[in-house]
Amino acid sequence: MAGGGFAASSGGGTEFEAKITPIVIISCIMAATGGLMFGYDVGVSGGVTEMAPFLEKFFPAVHEKVNDPGLNSNYCKYDNEGLQLFTSSLYLAGLIATFFASYTTRKLGRRPTMLIAGLFFIIGVGLNAGAQDLAMLIVGRILLGCGVGFANQAVPLFLSEIAPTRIRGGLNILFQLNVTIGILFANLVNYGTAKIAGGWGWRLSLGLAGIPAGLLTIGALLVVETPNSLIERGRLDEGKAVLRRIRGTDNIEPEFNELVEASRVAKLVKHPFRNLLMRKNRPQLIIALSLQVFQQFTGINAIMFYAPVLFTTVGFGSDAALYSSVILGAVNVLSTIVSIYSVDKLGRRVLLLEAGVQMFISQVIIAVILGLKVTDHSDNLSHGYAIFVVILVCTFVSAFAWSWGPLGWLIPSETFPLETRSAAQSVTVCVNLVFTFVIAQAFLSMLCVFKFGIFLFFSAWVLVMSFFVFFLLPETKNVPIEEMTEMVWKKHWLWKRFMSDVGDEENKGKWGNGNIEMKNGQI
């Protein structure tokens, strides 16, 4: 697995010698299993809510509505607040957990935080698989949400910090690749367990989440801590030794010295969350938060959460809906692999802009077809149109999978300076989970109200976010993390205004006794 040595290109900045070493590849693969758990949960929830025994046990009102021809409305039959809460409660819990995860990531390290996430996942899986009532089911989902909060906080940081600059984008996307593999695995499991006689297939679907949960826990025990985290916590000798191991060379002094200096500056920050609001950090914060909001308003999670329900709505039978979801999951995985190979060659902006065009066109065409062919009580979409809808949804998912999916996590994790990185990642995950919760909780009700117009709603957001990328998102490929300010933000037509010395002086006056303790006083 070891590759030849190379000097990591920095887009004009400092070049650090590094090899693609086995320890880096293995550590990144093991850490990225956090995405496997996240993806499995996203995929499994939509499948089990399509299973009659699950609905009959926990959501009898929905079960009655689905099976009563007199009440059966294509767009509204799954509209139930409790059913949406089953899916969305995980993300609400993750939202709260991410603030605790920020503390453990900073004080304990990236590796222990991933271990905590694995333990939360294992306990939550046990409660879900053995659930006897709705309360037990929801508690299990809440614990899974805590795991999501801790994993999504630590894993992207871990991957960005341990990877050599030149392949940072590709290795970081391993997290998103595992998310897509988890979704595909869940879809395959749901397709099989739905056929189990006796009505306990849903327990197996929920219980098999223990596999990715176990992999994450074992992985957290096996990986090395990042040099950035060790140096940040004052363990300089250990950090230097790890840096030498992961870079595969003795010529690490330039990178080590830069990490030490970044750590020294970071330790001057006494209030990292408040520091995020300083003028010099606003561009990164605006970009990071906007990417999280836009990522959810592409409509991707609505489709991935409820893919079987959605395909049933447009005329597929239960088995065909689950089968179509498997196809969707496979497209998701393959397209994410495309992103791994292209993100450090084509760059972030090219992938996001191309995907914007592809997603917009596919969603508009889906809306037109459903608007013309599917009414509240139409029996079925014709076979040809139904297949075309699946192809269009796959086209949409493929575009998302090589753009907004992985890059929504990659770009925030690589743009913040060390002194605010952990706090920024916490806020990023928090905002992502807030809007994931909103979409998960509201989608089935929105589908009932908007009907086919739901796709026009999301396509309008895709248009907005594409303009945002075109005008406001700078390119970050091949730029060392600690040189983002000089090489990226100070050269952008708009954001450079926030990076001037005058801006820093304004911050001193604004924050008074605030954030950064200096030798000659306080800012």
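Cys430 is buried, and its relative accessible area comes to 11%. Keep in mind that this is a predicted model.

In general, a disulfide is a covalent bond that joins the sulfur atoms of two cysteines.

| Residue | Relative accessibility | Class |
|---|---|---|
| Cys430 | 11% | buried |
| Arg421 | 1% | buried |
| Gly201 | 3% | buried |

Now for Arg421. You'll find Arg421 in helix 22, which covers residues 418–450. Is Arg421 buried or exposed? At 1% relative accessibility, Arg421 is buried, because anything under 20% gets that label. Which residues does Arg421 touch, leaving out those up to four places away in sequence? The list is Leu157, Glu161, Asn228, Ser413, Phe416, Ile481 and Glu482.

Next up is Gly201, which sits in helix 9, spanning residues 201–207. With 3% relative accessibility, Gly201 counts as buried too. Once neighbours within four places in sequence are set aside, Gly201 is in contact with Met51, Thr193 and Ile196. As for Tyr191, 10 residues from Gly201 along the chain, the C-alpha atoms of the two are 9.9 Å apart.

How values were computed:
Residues numbered from 1 in each chain as written. Predicted model: local features only at pLDDT ≥ 70, side-chain atom pairs only at ≥ 80, totals over all residues. Heavy atoms only, no water. Buried < 20%, exposed > 50% of the residue type's maximum accessible area, 1.4 Å probe, protein only. Helix = DSSP H or I, 4+ residues; strand = E, 2+ residues; numbered from the N terminus. Contact = heavy atoms within 4.5 Å.
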